[in-house]
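Reader: I'd like to learn how to read a model like this one. Can we take it feature by feature?

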Amino acid sequence: MLLDVHDLKVEFRTRDGIARAVNGVSFGVDAGETLAVLGESGSGKSVTAQAVMGILDSPPGRITAGEVLFQGRDLLRLNEDERRRVRGAEMAMIFQDALSSLNPVLPVGDQLGEMFVVHRGMSRKDARAKAVELMDQVRIPGARERVKQYPHQFSGGMRQRIMIAMAIALEPALIIADEPTTALDVTVQAQVMDLLAELRREYKMALVLITHDLGVVADVADRIAVMYAGRIVESAPVQDIYKAPAHPYTRGLLESVPRLDLKGRELTAISGLPPNLTRIPPGCAFHPRCPMARDVCRTDEPPLYAVSETRGSACHFRTECLHA
Ligand SMILES: Nc1ncnc2c1ncn2[C@@H]1O[C@H](COP(=O)(O)OP(=O)(O)OP(=O)(O)O)[C@@H](O)[C@H]1O
Ligand SMILES: [Mg+2]
């Protein structure tokens, strides 16, 4: 296993008290695999990604427990220098908002080239040539001229391509993409997603894809992890989840989006709101919103039960849910 996250916990000190943003998250990613992470806003997807990448804002954030095993090493035990070497070279991240992740006063070619200067000890001239090559690879037209331009001179879609170019530059084993296309319009979204999927295949990189777009998930992911209130509540191969969810929350998510194959069916949003993370309900955190909740759900927190060899569900009534 390439990445093996074990019982990760992240807290934020807020005025309301301690917010348990990540609450014992465990998941694995095999080499070359694509894992999609789903869940409503505030469920802890980005914080999990930041903790894994070693870029969590700390303070106010604090990793209080867990292991992040990457190629066998626990990243949480590395010092900042060692972590920096892993970042970029072995795992890279793509963010939603390229404009705030790129340096506004540095030509994009210099930013791309910097990766090769810092991590590979290349000369500026060779690094510049590499930057052009990368921009070609992410299909930015006129790369040779545009390599000297600044981030604001590119459209949103092109900037996102530059982010992808930076992420793949050193051919890392893992890319974490946090809603990489959310800020783009729909047609550009599809192009950028296709490009990312294609490059991932070409370089045989593993991808953790945080997204709200279930259409994208069906197309590119091998597995899905569904997060709720800082925990993974269901984890399974994509086909299994689309066939029948084993958690009522997953069911709610699937039913709240339009699906081409179920035209004409009514959309139902999940009723109620996600919990305040400083006051997560006892028992199953989803019980106040769950149509299947019974007494045990209000008192006993369900662990991630094995539903099959490849599937887990943190629901007391997972079998019922599967056959509902
Ligand atoms: N800088 C911060 N300070 C305080 N609390 C924070 C901070 N960042 C995140 N949190 C807490 O962690 C929770 C999870 O945030 P996170 O960004 O991981 O959500 P998400 O699942 O990525 O949501 P979205 O879909 O909106 O991106 C938030 O609801 C918030 O309570
Ligand atoms: Mg997020």
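Reader: Let's begin with the ligand. Which strands and which helix each supply at least two residues of the shell around ligand 1?

Author: Keep in mind that this is a predicted model. To read a shell, go from the elements down to the residues. Here strand S1 (3-14), strand S2 (17-29) and H1 each supply at least two residues. H1 gives the most, with three residues. In all, 15 residues surround ligand 1, and the closest are Ala21, Ser41, Gly42, Ser46 and Val47.

Reader: What is the make-up of the shell around ligand 1 by class?

Author: There are six nonpolar, seven polar and two charged residues in the shell around ligand 1.

Reader: Now the sheet. How do I read one, and what is the order of the strands in the open sheet?

Author: The general idea is that strands of a sheet pair through backbone hydrogen bonds, either parallel or antiparallel. In this case, eight strands form an open sheet with mixed pairing, in the order S6-S7-S8-S3-S9-S10-S12-S11. Strand S6 (91-94) and strand S11 (305-308) are at the edges; each has a single partner strand, so one side of each lacks a neighbour in the sheet. From one strand to the next, the twist averages 20°.

Reader: Pick one pair for me. In which sense do strand S3 and strand S8 pair?

Author: Strand S3 (residues 34-38) and strand S8 (residues 206-210) pair in the parallel sense, over four bridges. As a landmark, look for Val37, which stands opposite Ile210 in S8.

Reader: Which strands does helix H1 lie across?

Author: Helix H1 (residues 45-53) lies across S3, S6, strand S7 (174-178), S8 and strand S9 (223-228), and runs at about 150° to S7. Helix H11 (residues 248-255) also packs on the sheet, where it touches S3, S9 and strand S10 (231-237). The direction of H11 makes about 105° with that of S9.

Reader: Which residues is Pro104 in contact with, leaving aside its neighbours within four places in sequence?

Author: Those are Tyr150, Pro151 and His152. Pro104 and Tyr150 are 46 residues apart in sequence, yet 6.5 Å apart in space, C-alpha to C-alpha.

Reader: And which residues does UniProt list for "domain: ABC transporter"?

Author: The unreviewed UniProt entry lists residues 5-254. Over that range the chain is 41% helix and 27% strand, with the end C-alpha atoms 26 Å apart.

Technical notes:
Residues numbered from 1 in each chain as written. Chains lettered and ligands numbered in written order. Predicted model: local features only at pLDDT ≥ 70, side-chain atom pairs only at ≥ 80, totals over all residues. Pairing = 2+ DSSP bridges. Axes fitted to C-alpha atoms, helices over the stretch in contact; angles between N-to-C directions. Contact = placed C-beta atoms within 7 Å. UniProt positions renumbered as here; feature names shortened; annotations may be inferred. Near = placed C-beta within 6 Å. Nonpolar A, V, L, I, M, F, W, Y, C, P; charged D, E, K, R; others polar.
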